[in-house]
Amino acid sequence: AYALLPDDKAVGLCDGVVHIDTTLTHAPEGGTLVSRKAKREAAFPGALLNAALGVNAANAHASKKKDRGRIVKYIGKANLKVLDATLAASFSSSRLAELMRTGTLDELQRFLEPLRASRLRKLN
C-alpha cells in the first residue's frame, strides 16, 4: 500500500525492506534495516492504516466489473477471508514497533489482533 504525504512524497508499506531502507541518505544516523523500515513506514497516515485493518476483499472493486469476478474466482470465495486476515496482519505489523514504544495497551492490542487472527508466521 502506498500513500501520498502532504509534502508530495510517497510512503509505502512493503513486505520486507526496500531500496531506500538501505541508503545512508535515508537514515544518516544509521540503524538496522529493520529500524530504518519501521521509521519510514511510521510516516504512513494513521487514518489510512486504520481503514486498512478492516480490509474486506469480498467488497473490493476492480477497474473493470468483469475483472472482479475473475479475481474472486481465482482467489476462491473461501480464501477471501484468509486474504483479508493476511492483509490486515501485514498492515498492522508496520506499526507495531512504534506502538510498543509510544502506544497505549489498547492500541497495541488492536494492532496485534489481526496478527493473531491470520496465518502469518513471519514479519518482514
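Is the crossing of α4 and α6 left-handed or right-handed? I looked it up in a predicted model, where local features need pLDDT of at least 70, side-chain atom pairs count only at pLDDT 80 or more, and totals for chains, interfaces and linings use all residues. Residues are numbered from 1 along each chain as its sequence is written, and side-chain values use heavy atoms, without hydrogens and water.

**Entry 1: α4 and α6**

I find the crossing left-handed (the near helix is turned anticlockwise from the far one by less than a right angle). I took helices as DSSP runs of H or I, at least four residues, numbered from the N terminus. Helix α4 spans residues 77–93 and helix α6 residues 105–117; they pack at about 140°, axes 8 Å apart. Axes are lines fitted to C-alpha atoms over the stretch in contact, and angles run from 0 to 180 degrees between N-to-C directions.

I then listed the contacts (heavy atoms within 4.5 Å). From α4 come A85, A88, A89, S92 and S93; from α6 come F111, P114, L115 and A117.

**Entry 2: K37 and E41**

I place E41 in helix α1, residues 33–41, and K37 in helix α1. E41 counts as buried at 2% relative accessibility, and K37 counts as buried at 7% (under 20% relative accessible area, 1.4 Å probe, protein chains only).

I checked C14 next. Its backbone nitrogen lies 3.0 Å from a polar side-chain atom of E41. The backbone oxygen of C14 lies 2.5 Å from a polar side-chain atom of K37.

How values were computed
Helix = DSSP H or I, 4+ residues; strand = E, 2+ residues; numbered from the N terminus. Buried < 20%, exposed > 50% of the residue type's maximum accessible area, 1.4 Å probe, protein only. Polar contact = N/O pair within 3.5 Å; in protein donor to acceptor, adjacent residues only side chain to side chain.
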